[in-house]
Amino acid sequence: MPATLRTNADLEAMLDTNDEWITTRTGMKNRHIAGEHEATSDLAIAAARHALDNANIEASEIDCFIVATSTPDYAFPATACLVASALGAVGKPAFDMEIACSGFVYGISVAASLVQAGIFRRVMLIGADKLSSVTDMTDRGTAILFADGAGAVIVERSATDGLLGCELGADGREPSLLYVPAGGTRRPLDQAGLEERAHCIRMQGREIFKHAVTKMVESTNAAFAQAGLTPSDCSYFIPHQANGRIIDLVGKQLGLSSERVLVNIAEYGNTSAASIPITLSEAVARGDIKHGNILAFSGFGGGLSWGTVVWRWEA
Ligand code: ACO
């Protein structure tokens with residue numbers, strides 16, 4: 001994780017906000033912020049190395065690299081190409097997936113499908129974002145939320161399937177609920193856009209909040225039904241870390257006790273596609289996740305997009 005911390009006290013010094021408001025409305029205390037010259041690929045490479053070390057394998061043993069991100073180093077080439085080469089896996093297939101904060105959930109369903117189809121034996125999926133590069137630090141409604149980070153998993157063929165159930169969705173009718181207005185082909189970035197900070201995230205927080213709770217609950221119930229299970233079978237629910245109140249409400253509506261819902265939002269804020277693999281990686285490091293545990297990864301974000309994957313942990 002990037003070393004520099006941005007605390008609620010730091011935000012108090014920059015904006016008309018306060019620790020009490022941020023803590024009660026979001027559950028956030030700290031965020032890790034990448035350096036000016038640290039790109040998304042740098043965060044992704046560090047997370048990938050960590051995953052390779054944990055699995056005790058070489059990058060050359062990975063057959064395909066996927067980076068889920070909405071803050072790539074460049075419009076193109078894909079960040080995954082840079083990451084694979086930096087790891088020493090020149091020549092291996094590599095591609096990005098852009099579906100905002102749902103990136104990890106979509107990504108793991110694709111990674112698992114490529115493995116299940118027999119196309120690859122091992123796929124590395126990295127969720128990585130440098131949201132600080134698109135955060136408007138004059139907008140207190142968003143500046144308090146977003147941060148930087150990366151997490152990685154390796155999906156490999158095994159005797160039994162990891163992916164048990166999957167429900168994904170998207171609704172692109174109102175992209176402006178959560179988007180970056182300028183810098184794409186709809187509105188190329190120009191001087192006026194820069195002055196308006198139109199290259200930064202714009203969000204209608206209340207609408208996103210309601211949507212997030214509804215869709216995470218619906219997609220989790222649907223993914224468990226597809227797996228022939230119910231949320232009561234879930235060992236650990238690992239949600240996208242966007243807001244502590246969203247996570248609380250979703251957990252309650254699914255009937256999950258709080259110790260089964262993994263939350264690290266106080267330390268990291270919202271790291272978009274990175275938040276689920278970071279949370280998973282911490283739980284694995286603590287030794288919480290055991291062979292055979294049933295996990296649910298649930299995310300939502302810009303698009304609008306959402307989804308849940310039910311996964312049996314075979315490591
Ligand atoms: N500090 C102090 N006051 C604030 C702050 C702040 N940082 N931000 C907003 N306020 C004020 C507002 O101006 C408003 O004041 P008013 O009543 O005088 O008009 C009041 O607080 C309430 O504002 P709301 O926006 O209604 O506050 P809410 O309780 O909805 O919390 C929040 C805002 C935290 C943004 C919440 O709506 C939220 O988390 N929504 C979901 C956002 C999210 O998850 N986004 C990421 C999606 S994932 C992705 O793809 C990136």
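**Burial, ring pairing and backbone geometry in a predicted chain**

Leu-11 has a relative accessible area of 0% and is therefore buried (buried means under 20% relative accessible area, exposed over 50%, and partly exposed in between, with a 1.4 Å probe and protein chains only). The structure is a predicted model, in which local features need pLDDT of at least 70 and side-chain atom pairs count only at pLDDT 80 or more, whereas totals for chains, interfaces and linings use all residues. Residues are numbered from 1 along each chain as its sequence is written, and side-chain values use heavy atoms, with hydrogens and water left out.

Leu-11 is part of helix H1, which covers residues 8-14; helices (H or I, at least four residues) and strands (E, at least two) are DSSP runs numbered from the N terminus. When residues up to four places away in sequence are not counted, Leu-11 touches Arg-6, Thr-17, Ile-22, Arg-31, Met-137, Ala-143 and Ile-144, where contact means heavy atoms within 4.5 Å.

For the chain as a whole, the secondary structure comprises 11 helices and 12 strands. The radius of gyration is 18 Å, close to the 20 Å given by the globule rule for 315 residues, so the chain is as compact as a globular protein of that length. This radius is taken over C-alpha atoms, and the rule is 2.2 Å times the number of residues to the power 0.38. The C-alpha trace spans about 55 × 45 × 35 Å along its principal axes. Of the 315 residues in the chain, 52% are buried. Among contacts between residues at least 6 apart in sequence, 73% join residues at least 24 apart.

The accessible surface of the chain amounts to about 13,700 Å², and carbon and sulfur atoms account for 51% of this area. Accessible areas come from the Shrake-Rupley method with a 1.4 Å probe; for residues, only the protein chains shown count as cover. The chain carries 25 positive and 36 negative side chains, and the centres of the two sets lie 4 Å apart. In this count Lys and Arg are positive and Asp and Glu negative, while His and the chain ends are not counted; the place of a charge is NZ of Lys, CZ of Arg, CG of Asp or CD of Glu.

The structure holds 1 aromatic pair. The ring centres of Phe-104 and Phe-297 are 5.6 Å apart and the ring planes stand at 85 degrees, so the pair is edge-to-face. Rings of Phe, Tyr and Trp (its six-membered ring) pair if their centres lie within 6.5 Å, and planes under 30 degrees apart count as stacked, over 60 as edge-to-face and the rest as tilted. Because Phe-104 lies in helix H5 (residues 103-116) and Phe-297 in strand E11 (residues 294-301), the pair ties together parts that are 193 residues apart in sequence. Phe-104 counts as buried at 1% relative accessibility, and Phe-297 counts as buried at 1% as well.

Backbone geometry was also examined. Most residues other than glycine have a negative phi, and most peptide bonds are trans. The peptide bond from Phe-76 to Pro-77 is cis, with omega near 5 degrees, and Pro-77 lies in the loop between strand E3 (64-68) and helix H4 (79-86). Gly-303 and Leu-304 are likewise joined by a cis peptide bond, with omega about -10 degrees; Leu-304 is placed in the loop between E11 and strand E12 (305-312).

Asn-56 has a positive phi, near 60 degrees, and is found in the loop between helix H3 (40-55) and E3. With 68% relative accessibility, Asn-56 counts as exposed. Phi of Ala-100 is also positive, near 50 degrees; this residue is in the loop between strand E4 (94-97) and H5 and counts as buried at 14% relative accessibility.

Two further loop residues are partly exposed. His-199, with a relative accessible area of 24%, is in the loop between helix H7 (191-196) and strand E9 (202-203). Its contacts, not counting residues up to four places away in sequence, include Val-134, Val-180 and Leu-189. Ser-257, with a relative accessible area of 27%, lies in the loop between helix H9 (244-253) and helix H10 (265-268).
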